[in-house]
Amino acid sequence: MKTRTTLLLILLATAAAIAQRRPADNGLSLGANASYLHPTGDMGKILKHGLGGNFDLKYRVNRVIGVGFETGYHTFKSTIGNAAYASADQSYKARLIPLLLQATFYIPSWRTTPLPYLGLHFGAYAHHIRIAQDRNDGYYDTSLSKSLFRFSPGGGIHAGVLFQLASDRCWLDLRLRADYAPKIRSQYDIDDYTTGNIGFDRMLLPGINIGLLYRF
């Protein structure tokens, strides 16, 4: 009888220790990460890779489902030194601010870490595009400086892995992602008689995020 009681106490103590080590199934988390985005298609012909960061606030509904909000700030520089005209030097600078809702599915395993996940994000992308052109062939001076704002709906997918660090509250977050905006208004007015084109009318950005996530 004494042996059975001792074994039962050992089992209860072990179960309590495991329960303390495993993070709660639900609750809030706040993440901050650095990001690298790679423009493709027509956008990639004009803009170089984008660097920046993201913040996301997420609520873990249960062990496998999380919902949240994400925003960030990314900058892109021009890949081209001249426009279609040989005598015109044209450059672009772009900034991107995503405003996205997230739905994430965590793949549970018998271990607390690593914790893989898959998800969707959707919402809108705010683009600030600055176009500068300097053309003077001796007859015409067509210098141009335009600052444009575009707001486009879109979404994408993400997949990553969480690694527990010193405690069950602090995690390393590694994430692959792809963001897509199917329609971006490409034309803009130069003057009352002339229109220009930013050079792309959609966005496809594969990328990677690395950062920290803190669970409350």
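Which element gives the most to the lining of the largest cavity? The legends below start there, and they all describe a predicted model.

**View 1. The largest cavity and the residues around it.** Strand β1 gives the most to this lining, with three residues. Sorted by class, the lining comes out as four nonpolar, two polar and three charged residues.

**View 2. The largest nonpolar core.** This core has 21 residues, and Leu47, Ile129, Ile198, Phe200 and Met203 are the ones touching the most other members. Two or more residues each come from α2 (41–46), β4 (88–106), β5 (115–135), β6 and β10. Of these, β4 supplies the largest share, four residues. Another core lies apart from it, made of six residues, with Leu115, Tyr117, Leu162 and Trp171 among them. As a general point, nonpolar side chains in soluble globular proteins tend to be buried together.

**View 3. Zooming in on isoleucine 129.** Set aside the neighbours within four places in sequence, and isoleucine 129 is in contact with Tyr92, Lys93, Ala94, Lys146, Ser147, Leu148, Arg150, Ile198 and Phe200. Two of those partners, Ile198 and Phe200, are listed with Ile129 among the core residues that touch the most other members.

**View 4. Arginine 175 and its partners.** Arginine 175 sits in strand β7. Its relative accessible area is 3%, under the 20% cut-off, so arginine 175 counts as buried. The arginine 175 side chain makes a polar contact of 3.1 Å with the side chain of tyrosine 117, and another, of 2.9 Å, with the side chain of aspartate 173. Beyond the neighbours within four places in sequence, arginine 175 has contacts that include Asn33, Asp56, Glu70, Gln102, His158 and Asn209.

**View 5. Aspartate 168 in its loop.** Here's the stretch between β6 (144–164) and β7 (170–181), where aspartate 168 is found. With a relative accessible area of 23%, aspartate 168 is partly exposed. Its C-alpha atom is 9.8 Å from that of phenylalanine 216, a residue 48 places away along the chain.

Terms used
Residues are numbered from 1 along each chain as its sequence is written. This is a predicted model: local features need pLDDT of at least 70, side-chain atom pairs count only at pLDDT 80 or more; totals for chains, interfaces and linings use all residues. Side-chain values use heavy atoms; hydrogens and water are left out. On a 1 Å grid over the protein atoms alone, a cavity is a set of points where a 1.4 Å probe fits but cannot get out, and a pocket is an open set with protein on both sides within 12 Å along at least five of seven lines; lining residues have an atom within 4 Å of a point. Ala, Val, Leu, Ile, Met, Phe, Trp, Tyr, Cys and Pro count as nonpolar, Asp, Glu, Lys and Arg as charged, and the others, Gly among them, as polar. Buried means under 20% relative accessible area, exposed over 50%, partly exposed in between (1.4 Å probe, protein chains only). A nonpolar core is a set of buried Ala, Val, Leu, Ile, Met, Phe, Trp, Tyr and Cys residues joined through side-chain atoms within 4.5 Å. Contact means heavy atoms within 4.5 Å. A polar contact is a pair of N or O atoms within 3.5 Å; within protein, one must be able to donate a hydrogen and the other to accept it, and residues adjacent in sequence count only if both atoms are side-chain atoms.
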